[in-house]
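Hi everyone, thanks for coming. Have a look at the screen for a moment before I start talking.

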Amino acid sequence: MLFSSNVFLYFYLPVVLLLYYISPRQIRNFVLFAVSLFFYGWGEPVYLFLMVFTVLINYVCAFIIDSRRKKEKSTKSTLVIGVVLNLLLLGYFKYATFFLESLQSILPFMKDFDVPEITLPIGISFYVFQSMSYLIDVYRDDAPVQKNPITFGTYVALFPQLIAGPIVRYTDVARQLSERKENLDDFASGIKMFIIGLAKKILIANQMGALWETIKSADGTVAAWVGIAAYSLQLYFDFSGYSDMAIGLGRMFGFEFLINFNYPYISNSITDFWRRWHMSLSTWFKEYVYIPLGGNRKGIKRQIINLLIVWALTGFWHGASWNFLFWGIYYSILLIIEKTFLLKVLDKLPKFVRHIYTIIIVILGWALFYFVDTAELWEFIKKLFTPAATSSADINTILAYVPLLVVAAVASTPLGARLYNKVKESTAKKVVTLAGLAVMMLLCVCTLVSQSYNPFIYFRF
Amino acid sequence: MKSKKINIISLVLFLGFLAVMFVLYIVLPKNDFSEREKRYLADFPATTWENISSGKFSEDLETYLADTIPRRDFFVGVSSYYNLISGRQVTKDIYVAENNRLVEAPPAYSDAAIKKNTSYISAFAEKVDIPVDIMVVPSAGYIYEDSIKGLKNDYTDNEAIKSIYSSAKGMDNYIDICSAFEENENKESLYYLTDHHWTSFGAYTAYAEYMNTLDKPYPAQNEFSIEKHSGFYGSNHSRAGLWLYPSEDVELWKNNTPFTVVTDTDKKVHNGLFYEEKLEELDKYTVYLGGNHAKVSIDNPEAKGQGKLLVIRDSYANCLGTFLANSFENVTLVDLRYYHDSVSELASEGGFTNILICYSLSNFMSDANFPWLK
């Protein structure tokens, strides 16, 4: 189910809120678990078993780790088994087809082998990563084991962040799972976050996506740059909008998730960018891969290798295709260059140069991210750097989107929030805020009814 | 005001809105057909396990909910105005052109549909001994493409019609409406501003083109007395939901010929070509021959001996039919959406001298009823 859908807004959400708040506290987690399973099964009921299976494996493994530790036995083997099982699930459902097809292209005797067609279960990359964070946290004794399978199931399946993140670490919500206090202030701010997220998604991301779809194959340098800029904005607003909605919904049920995006497009270096973009994913890789590999404590050579591994994996996490792997390696190389000398050089440069450097790198990265086909990517890169005229029809298209492009560009910086915070708290400010949210909500609802373009990019992952 | 009060207000507004919509959805009766948009709305999807497990159920349900949302007109209108104000087209299906004109986005080009539908037509032409002509009408958007404001997809009507004409074998005449319209001095008046249909002038122009091709006489424009009726809002207007757009006139081109019309809907003899009581309805285009029927028969007592014409057609021929009647003793129009008897038998038994297949391009490419042409 999509948050930006009529069925979610007018049926699922009101019914779930009602069920949740009329239930006594002891069974609220159960209610959340049940409605989350319904949410997950809505589009692809066949994959419900996978979700339940994931919950079970991780629940049992963590349980065994905990009891073995109490008996002072080794827990490492259980962890390895658990992690391998999780990776097998992810590997089979997400990467099997890709690996087999790649093998087929290099090994002639594989030609006759029928590659199975596996549809990617929605959100699998997110909930498998969440489950693994729990397992590892319990192993490291960073988090207490969860004895109640329902509570643990609620953590894994919790519908706000289930299908597109943020990837909530178990340690961050362990306490909230058993002793959270829903309250009016949180609920109201949850509504605000949700509406802002919805507006990011419907009013900006979808429109930027429509522009990119229209002009991505157009000729001309301007069309290419505007197109890829629109796609960059679409990605940010789509994904951060989703995270905002997830955080907002979480608050309505008394949860507090960490923010997932911190204005990534104002970064002044690539290192900075990865501290601001999809923070829950970078944190996950840092905590569970980079640091265990030794991070930066084992000398520069080892650090370079670690960066390569972590970013190749980060890229590959985004999808089973070569371009995502290249995209990850592209960033690992840039990060290594920055770590070894470029950051020191950048420090001496004027601010705007650093911003331009970063944004161009990021935008080119998104081209790599978008084009699965290398030949098409190459064509597009050539268009970016070959001066050529854009047809007047394409210029018209672009002009039609200029107002939205400007709004999107400004909204991707903290400028608006800063101005808003400068206005002194007053009744007038509160009323205007409320009216603004109401208008945003109205526009979202209306746009949704007129049923234009409404894909969620991050569902592929 | 305290924060708490504001928080309570926002809570009440948000939850209230969702709850009201929820209740309205459940309580309000659902329409199958939108009169304003002149289209059938999505049905509630079938709750079979196959549907549910494949995810088709949830997809279709979303379309159903969007189609049947309470106060749909209001929501669509707000969205259209917002799209326009922020610089884009009204909806993905409706474009705004100069002079308050609304046109449909380019019809979905389908090579497969063209091949399939023309194969039925060719087979039909081979079967009957009567000369068959074909007339495919381009979309308004194609004719006014240069005046469309802002973002649009390209219209390929000319190429599409050419490809239909080249794969429809065995026709006597292929009527070239594209050129007749593009070269017309009064291009602005060929189609309605708010509807997808052609105007009386547009239909007359096509009629004249057809009569010239057949080398038959036809009345000049000034032989008609033109009656104007105001207050028409066409289907594009309803779909766009732009409340502030002006209405326009429908024209009745009358002369003194005592035409009689029989439709198989009421089977009564109707004097005159225009069903003027329909001018009171929302869709005033139904004034021409009373709208869509499986079969309509028009007699012209003043044209005895000038042949009989059978028209296989969509709604564009409602208006065209009122002109064709001037040049034939009898004009019979059949609509394959509703007429499922043998057309070839009708043609030979009815003693027709000419057959015309007349469709708008978008209907030609989307209509799945050509198998009934047998």
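**Two helices to start with**

Okay, so α3(A) and α6(A) are oblique to each other. By the cut-offs, angles under 35 degrees are roughly parallel, over 145 roughly antiparallel, 65 to 115 roughly perpendicular, and the rest oblique. Before I go on: this is a predicted model, where local features need pLDDT of at least 70 and side-chain atom pairs count only at pLDDT 80 or more, while totals for chains, interfaces and linings use all residues. Residues are numbered from 1 along each chain as its sequence is written, and chains are lettered from A and ligands numbered from 1 in the order in which they are written.

Back to the pair. Helix α3 of chain A is residues 48–70 and helix α6 of chain A is residues 149–157; they pack at about 125 degrees, with axes 10 Å apart. Axes here are lines fitted to C-alpha atoms, for helices over the stretch in contact, and angles run from 0 to 180 degrees between N-to-C directions. Helices (H or I, at least four residues) and strands (E, at least two) are DSSP runs numbered from the N terminus. The crossing of α3(A) and α6(A) is right-handed: that's the near helix turned clockwise from the far one by less than a right angle, with anticlockwise being left-handed.

Which residues of α3(A) and α6(A) meet? From α3(A) we have A:Met51, A:Thr54, A:Val55 and A:Tyr59, and from α6(A) A:Pro149, A:Phe152, A:Gly153, A:Val156 and A:Ala157. A contact means C-beta atoms, placed from the backbone, within 7 Å. That set splits into seven nonpolar, two polar and no charged residues. Nonpolar covers Ala, Val, Leu, Ile, Met, Phe, Trp, Tyr, Cys and Pro; charged is Asp, Glu, Lys and Arg; the others, Gly among them, are polar.

**Zooming out to the chains**

Chain A has 19 helices and zero strands. Its C-alpha trace spans about 70 × 65 × 50 Å along the principal axes. For 461 residues, a compact globule would have a radius of gyration near 23 Å, and chain A has 23 Å, which agrees. That radius is taken over C-alpha atoms, and the globule rule is 2.2 Å times the number of residues to the power 0.38. As for burial, 43% of the residues of chain A count as buried, meaning 20 or more other C-beta atoms within 10 Å of their own; 12 or fewer is exposed, in between is partly exposed, and C-beta atoms are placed from the backbone. Of the contacts in chain A between residues at least 6 apart in sequence, 74% join residues at least 24 apart.

Now chain B, with 13 helices and 14 strands. Its radius of gyration is 23 Å, close to the 21 Å that the rule gives for 374 residues, so chain B is as compact as a globular protein of that length. The box for its C-alpha atoms is roughly 85 × 50 × 40 Å along the principal axes, and 42% of its residues are buried.

**Where the chains meet**

The contact takes 39 residues from chain A and 36 from chain B. On the chain B side, α1(B) gives the largest share, 13 residues. That side of chain B divides into 21 nonpolar, 10 polar and five charged residues.

How do α1(A) and α1(B) pack? Helix α1 of chain A, residues 6–22, sits at about 110 degrees to α1(B), axes 9 Å apart, so α1(A) and α1(B) are roughly perpendicular. Their crossing is left-handed. Among the residues meeting there are A:Phe11 and A:Leu13 from α1(A), and B:Met21 and B:Phe22 from α1(B). The contact of α1(A) with α1(B) has 10 nonpolar, no polar and no charged residues.

**A few loop residues**

A:Tyr263, in the loop between α10 (221–252) and α11 (270–276) of chain A, has a positive phi near 45 degrees without being glycine. A:Tyr263 is partly exposed, with 16 other C-beta atoms within 10 Å.

B:Lys267 isn't a glycine either, and its phi is positive, about 60 degrees. Look for B:Lys267 in the loop between β9 (260–263) and β10 (269–271) of chain B. Buried or exposed, B:Lys267? With 7 C-beta neighbours inside 10 Å, B:Lys267 counts as exposed.

Last stop: B:Asp146, in the loop between α6 (140–143) and α7 (157–167) of chain B. B:Asp146 is exposed, with 7 other C-beta atoms within 10 Å.

Terms used:
Two residues are in contact if their C-beta atoms, placed from the backbone, lie within 7 Å.
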